[in-house]
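Here is a short report on one protein model.

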Amino acid sequence: MLFFSFFKTLVDHEVTVELKNDVSIRGTLKSVDQFLNIKLDDINVVEELKFPHLSSVKNVFIRGSVVRYVHLPGAAVDTALLEDATRREAAQAAAKAKQG
């Protein structure tokens with residue numbers, strides 16, 4: 001759940017989504033859900049010459065199951081906050097494992 005909340009903070013930032021079929025799409029993140037389904041506006045295909053059929057597309061909905069990576073803007077990522085939240089989530093999981 002942590003990563004879903006994190007991605008929500010990146011709405012209206014430019015991200016690059018790399019798909020499992022090796023297409024990389026850069027655009028403005030407009031929405032993301034818990035399944036990593038992503039809506040991008042004002043898109044550009046990173047290797048446009050390799051995928052010319054996508055040059056006229058301006059907005060996309062990407063199903064989460066086809067996402068390989070999401071490249072984030074460095075300036076938009078608060079790494080200290082993300083590390084702290086990850087540690088807390090790991091500690092909670094460890095405590096649950098000890099209980100039962």
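## The cavity

The largest cavity has a volume of about 30 Å³. A cavity is a set of points, on a 1 Å grid over the protein atoms alone, where a 1.4 Å probe fits but cannot get out. Grid points are joined across faces, edges and corners, and the volume is the space filled by probe spheres set on the points. Searching the whole structure gives 1 cavity of 30 Å³ or more.

Which residues line the largest cavity? They are Phe7, Leu10, Val15, Leu29, Ile38, Val70 and Leu72. A lining residue has an atom within 4 Å of a point. By class, this lining has 7 nonpolar residues, no polar and no charged ones. Here Ala, Val, Leu, Ile, Met, Phe, Trp, Tyr, Cys and Pro count as nonpolar; Asp, Glu, Lys and Arg count as charged; the others, Gly among them, count as polar.

## How the model was read

This is a predicted model: local features need pLDDT of at least 70, side-chain atom pairs count only at pLDDT 80 or more, and totals for chains, interfaces and linings use all residues. Residues are numbered from 1 along each chain as its sequence is written, and side-chain values use heavy atoms, with hydrogens and water left out.

## The nonpolar core

In soluble globular proteins, nonpolar side chains tend to be buried together. The largest nonpolar core in this model has 19 residues. Val17, Ile25, Leu29, Ile38, Leu40 and Ile62 touch the most other members. Two or more residues come from each of helix 1 (2-8), strand 1, strand 2, strand 3 (38-45) and strand 4 (60-62). Strand 3 gives the largest share, 4 residues. A nonpolar core is a set of buried Ala, Val, Leu, Ile, Met, Phe, Trp, Tyr and Cys residues joined through side-chain atoms within 4.5 Å. Buried means under 20% relative accessible area, exposed over 50%, and partly exposed in between (1.4 Å probe, protein chains only). Helices (H or I, at least four residues) and strands (E, at least two) are DSSP runs, numbered from the N terminus.

What does Val17 contact beyond its neighbours within four places in sequence? The partners are Val23, Ser24, Ile25, Ile38, Leu40, Ile62, Val67 and Tyr69. Contact means heavy atoms within 4.5 Å.

## Salt bridges

A salt bridge is a side-chain nitrogen of Lys or Arg within 4 Å of a carboxyl oxygen of Asp or Glu. The count comes to 8 salt bridges. Glu14 pairs with Arg26, their closest N and O atoms being 3.9 Å apart. Glu14 lies in strand 1 (residues 14-19) and Arg26 in strand 2 (residues 24-32), so this pair ties together parts that are 12 residues apart in sequence. Arg26 is partly exposed, at 32% relative accessible area.

Asp84 forms a salt bridge with Arg88, at 3.1 Å between the closest N and O atoms. These two are 4 residues apart in helix 2 (residues 79-99), so about one helical turn separates them. Asp84 is partly exposed at 34%, and Arg88 is partly exposed at 46%. Elsewhere, salt bridges that share partners join Glu18, Asp22 and Arg68 into one network.

## A loop residue

Where is Lys58 found? Lys58 is in the loop between strand 3 and strand 4. Its relative accessibility is 46%, so Lys58 counts as partly exposed. Lys58 and Asn44 are 14 residues apart in sequence, with 7.5 Å between their C-alpha atoms. Not counting residues up to four places away in sequence, Lys58 touches Leu40, Asp41, Asp42 and Ile43.

Key: 1 Å grid on protein atoms, 1.4 Å probe; cavity = no way out; pocket = protein on both sides within 12 Å on 5 of 7 lines; lining within 4 Å.
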